[in-house]
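Try each task yourself before reading its solution.

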Amino acid sequence: MLDRVGGGFKDYAPFFLRMGLAIIFILQGGKAISRMGGHPSAESVVILIIMLIGGLFCLVGFLTRWAAFFLAALMLYVIIGGP
């Protein structure tokens, strides 16, 4: 029953989810670059690097699981009480 739901589109679901995740993090990383002024803290630089590199890795499919792990850890840090 579940094999019939979605037809052939279920093969493309990971691709579209990965593209959406990559676009969000790349755009937020670019926005963070424009907000950095003067002397950025080390914390904000690390967050920026994780966003941009993780988003780019998800976009091209290189080390996707590691990139997704670091992006999830970043989001958990931000939710718990980061900047």
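Helices are DSSP runs of H or I with at least four residues, numbered from the N terminus, and the expected span of a helix is 1.5 Å times one less than its number of residues. Please note that this is a predicted model, where local features need pLDDT of at least 70, side-chain atom pairs count only at pLDDT 80 or more, and totals for chains, interfaces and linings use all residues. Residues are numbered from 1 along each chain as its sequence is written, and side-chain values use heavy atoms, with hydrogens and water left out.

**Exercise 1.** Compare the reach of helix α2 with its expected span.

*Solution.* Start with the residues: α2 covers 42–60, which is 19 residues. Next, look at the ends: from first to last C-alpha the helix reaches 27 Å, close to the 27 Å expected.

**Exercise 2.** Find which residues of α2 are buried (under 20% relative accessible area, with a 1.4 Å probe and protein chains only; exposed is over 50%, partly exposed in between).

*Solution.* The buried ones are Ile 47, Leu 48, Met 51, Gly 54, Gly 55 and Cys 58. They cover an arc of only 150° around the axis (taken from the directions from the helix axis to the C-beta atoms), which puts them on the same side of α2. On the other side, Ala 42 and Val 60 are exposed.

**Exercise 3.** Describe the phi of Leu 63.

*Solution.* Then read its phi, a positive value near 50°. Most residues other than glycine have a negative phi.

Terms used. Helices (H or I, at least four residues) and strands (E, at least two) are DSSP runs, numbered from the N terminus.
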